[in-house]
Amino acid sequence: MVGSAIHIEAGREIERLRLVAAEGSTYVNLKSMWIFAGILILPPLLAIAVITLSYLHSWARLRRTAPHRAAFSAATVVLGSAVAVMCLRTINPGNQLSYAGGAIGLVAVTAAALAYWLINYSLVVGAVLLSNPEANARKALGQLSDQFIVAGALGLGTTSAVLLVYQPWLTVALLITVLGLHRALLVGQFQFAARTDSNTGLANTMFWHEIAAKELERAQNANASLGVLYLDLDHFKTVNDTHGHLAGDQVLKTIAAELKHEIRTDDLVGRLGGEEFAILLPNTNADDTLRTAERIRHRIANLVISVTAPTGTTLVDGLTCSIGAATYPAAGHSLDVLLMAADTATYAAKEAGRNQVVTAPTRTPGQLS
């Protein structure tokens, strides 16, 4: 279990960094609400001052990006805001305020919001692609859910502008709503970041161990069986050395997806780190645990994965894995002992020539706890 303990300690630091990133992401998205409200109702120079002060405050508060990157982000927002104002004044030129009611006002605000988003994100994605040739536009743009959050922030910005101009006292109610949404977004992102391996989408080390402990307790109370598989890809370093780490990440993502397809809904796959995975199989006896491991081994051996390498798109095949299988109660009564049995069986599979499954031996009553 020495290897597992190292994975847990390393996982704690990675998860802390993910929580930091989640907080920063939500902070920036909700900040867009107030910036867009300022674009709608403030003179351009004052709106630029609000943007500058806002980004200066966020940089001083978070301190997680280089100053020149924060300046670039602020510049993209200023340019997006300028185009948004042009849309507002072109569509509705006779209005004193940039926002006006009615159908024309709706069209003007919608066009302004789209322009603000398009200019800002085009510049950001372009900078990401130029600074990292291995990135792709879809990944740089982020997930669709992130774009919905931005759209919601712009919609709240429009609502804020209307209330500030026509019903300023009702802004208090809006502030309460925004604070509630802010907390809800942060909690959701914190939970996701704390539980998920960012590269594969699988459960991370800490979350997998948490669920495994609960399932083992449930199995003990119900006098049921439980299986655990430790999977280690054979000679995975060769993939990274031959095709590059980007290709290696693509292989890991594909294998993660294949593992999820091979298990039941109630099972749980976790990434322990590197090329090591753990699979939790509740209500599974020793024979079914072994059959599941063999299915997984054959599935991985038959994979042909298309990856992006420095020389272009290529195929990776011939992958194999070594799997250690252990079941409760035969291999152990505590989680530590059970995981040690699976881990030891994995090393035995490696030493026996790799590309095989080894089942942990049944322990005597004195060795079980």
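User: In this predicted model, which residue forms a salt bridge with R264?

Analyst: The model is a predicted one. Side chains of opposite charge can pair when their charged atoms come close. For R264, the closest N and O atoms of the pair are 2.8 Å apart, and a salt bridge needs a distance within 4 Å. The partner of R264 is D267.

User: How many salt bridges does a search of the whole structure find?

Analyst: The pair R264 and D267 forms a salt bridge, and D197 forms one with R271. For the whole structure, the search gives a count of 13.

User: How many residues apart in sequence are the parts that D197 and R271 tie together?

Analyst: The closest N and O atoms of D197 and R271 are 3.3 Å apart. D197 lies in the loop between α7 (171-195) and α8 (205-222), while R271 lies in strand β2 (residues 268-273). D197 is buried at 9% relative accessible area, and R271 is buried at 13%. The pair therefore ties together parts whose separation in sequence is 74 residues.

User: Which helix holds both E210 and K214?

Analyst: E210 forms a salt bridge with K214, with the closest N and O atoms 3.4 Å apart. E210 is partly exposed at 38% relative accessible area, and K214 is partly exposed at 45%. The two residues are four apart, about one turn of the helix, and that helix is α8.

User: Which elements give two or more residues to the nonpolar patch?

Analyst: The nonpolar surface patch covers about 300 Å² and is made by F72, L79, L123 and V124. L123 has its place in helix α4. The elements that give two or more residues are α3 (67-91) and α4 (102-131).

User: What is the relative accessibility of L123?

Analyst: L123 is one of the residues that make the nonpolar patch, and a patch residue needs over 30% relative accessible area. L123 counts as partly exposed, a class that runs between the buried limit of 20% and the exposed limit of 50%. The relative accessibility of L123 is 33%.

Terms used:
Residues are numbered from 1 along each chain as its sequence is written. This is a predicted model: local features need pLDDT of at least 70, side-chain atom pairs count only at pLDDT 80 or more; totals for chains, interfaces and linings use all residues. Side-chain values use heavy atoms; hydrogens and water are left out. Patches are made of residues with over 30% relative accessible area and no salt bridge: like charges are joined within 9 Å, nonpolar side chains (Val, Leu, Ile, Met, Phe, Trp, Tyr) within 5 Å. Accessible areas come from the Shrake-Rupley method with a 1.4 Å probe; for residues, only the protein chains shown count as cover. A salt bridge is a side-chain nitrogen of Lys or Arg within 4 Å of a carboxyl oxygen of Asp or Glu. Buried means under 20% relative accessible area, exposed over 50%, partly exposed in between (1.4 Å probe, protein chains only).
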